[in-house]
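Biologist: I would like to walk through this fold step by step. Could you put the model on screen?

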Amino acid sequence: MSSPSVEITVLVDNNIRPGLMAEHGFSLWIETDDQRILFDTGQGAALAFNAPALGVDLSRTDALVLSHGHYDHTGGIPLVVNGAGKVHVYCHSGAVTPHYAIRNGTSASIGMPRASMSAIDHLPSPRLHWVQQPLMLTERIGITGPIPRKTSYEDSGGPFFLDPEGHRADPVEDDLAIWIQTDLGLVVCVGCAHAGVVNTLNHARHLSGEPKVRAVIGGFHLNAASRQRLDQTIADLDAMDIETIIPCHCTGDEAVGILGDALGRRVSAGSAGEAYRF
Ligand SMILES: [Fe+2]
Ligand SMILES: [Fe+2]
């Protein structure tokens with residue numbers, strides 16, 4: 001039996017097609033024959049502008065899946081939860097705990113905004129799903145749950161902490177991804193890939209039992225990666241023989257260039273307004 005097609009539209013990204021709103025954030029609209037999934041929500045403003053501009057009616061969302069709790073993925077939650085009467089929300093419980101980044105000696109709260117937290121708080125409990133382990137949304141769409149950190153060279157990608165003073169490093173254990181089984185292999189959607197994009201793909205392959213990765217789309221968080229990490233990431237992505245690699249959001253322009261130089265036409269940078277059919 002062949003799988004129905006999947007269409008993925010980038011709703012929010014740091015880069016845009018003309019006429020859309022750019023934002024440091026990320027959101028994907030994933031449409032299959034029977035499910036409409038919103039994966040992340042950006043900070044909010046770009047989602048509110050871009051979704052109608054792209055013909056996406058957020059009130060039709062069946063499932064809102066949050067890749068992790070950072071503000072640039074969760075700010076638009078009220079737009080979706082308060083508008084869609086039936087939406088189910090899926091995230092790790094760590095997504096609603098405090099997260100900080102400390103840069104140049106300055107600590108900033110980068111966790112879920114208060115209004116988003118409140119929208120989640122007000123969800124009827126049958127519609128709120130804490131994803132502490134792998135979960136199947138449908139027969140062929142899975143949420144990874146927490147992703148084991150196995151590679152020697154990947155880390156969370158930034159100066160992330162659980163406390164504003166920076167005493168406790170934040171491994172972003174709430175980080176999760178979606179995988180979709182298609183006839184030609186997996187399509188994997190990542191938010192910031194704080195677990196590492198290679199760790200994420202390997203876990204999706206393990207969970208699904210499908211070794212072939214057809215496509216990966218999302219933020220790879222390589223904007224501060226060392227050349228060594230980039231080279232090892234490229235070697236592992238190359239070995240997986242992925243057809244389409246779509247770096248978005250926090251991958252970083254320089255890293256996208258290096259990935260493209262090494263992996264050629266398999267790499268195609270994403271931006272809000274791009275749509276892909278698998
Ligand atoms: Fe992000
Ligand atoms: Fe993040």
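Biologist: Which helices and strands do the buried residues of helix 4 pack against?

Modeller: This is a predicted model, in which local features need pLDDT of at least 70, side-chain atom pairs count only at pLDDT 80 or more, and totals for chains, interfaces and linings use all residues. Residues are numbered from 1 along each chain as its sequence is written, and chains are lettered from A and ligands numbered from 1 in the order in which they are written. Helices (H or I, at least four residues) and strands (E, at least two) are DSSP runs, numbered from the N terminus. The buried residues of helix 4 pack against helix 2 (71-74), helix 3 (77-81), strand 5 and strand 8.

Biologist: Which residues of helix 4 are buried, and why do they line one face?

Modeller: A residue is buried if 20 or more other C-beta atoms lie within 10 Å of its own, exposed if 12 or fewer, and partly exposed in between; C-beta atoms are placed from the backbone. In helix 4 (residues 114-121), the buried ones are Ser116, Ala119 and Ile120. They line one face because, seen down the helix axis, they fall within an arc of 100° (taken from the directions from the axis to the C-beta atoms).

Biologist: Which exposed residues sit on the face of helix 4 turned away from its buried side?

Modeller: An α-helix has 3.6 residues a turn, so residues three or four places apart point the same way. The face of helix 4 turned away from its buried side carries Arg114 and Asp121.

Biologist: In what order do the 7 strands of the open sheet lie?

Modeller: Strands pair if DSSP finds at least two bridges between them. Strand 5 (residues 88-91) and strand 8 run parallel, joined by 3 bridges, and Cys91 stands opposite Trp130 in strand 8. The pairing in the open sheet is mixed, and its order is 8-5-4-3-2-1-16.

Biologist: Which are its edge strands?

Modeller: An edge strand here pairs on one side only. That holds for strand 8 (128-130) and strand 16 (275-277).

Biologist: How many bridges join strand 14 to strand 15?

Modeller: Strand 14 (residues 213-219) and strand 15 run parallel. Val216 has Ile245 as its bridge partner in strand 15, and Ala215 has Thr244. The bridges number 5.

Biologist: Which helix lies on the crossover from strand 13 to strand 14?

Modeller: Strand 13 and strand 14 pair in the parallel sense over 5 bridges, with Val187 opposite Ala215. The β-α-β crossover is right-handed (with the strands pointing away from the viewer, the path from the first strand over the helix to the second runs clockwise). The chain passes through helix 5 (residues 197-208).

Biologist: Is Thr138 buried or partly exposed?

Modeller: Thr138 lies in the loop between strand 9 (135-136) and strand 10 (141-143). Because Thr138 has 15 C-beta neighbours inside 10 Å, it counts as partly exposed.

How values were computed: Contact = placed C-beta atoms within 7 Å.
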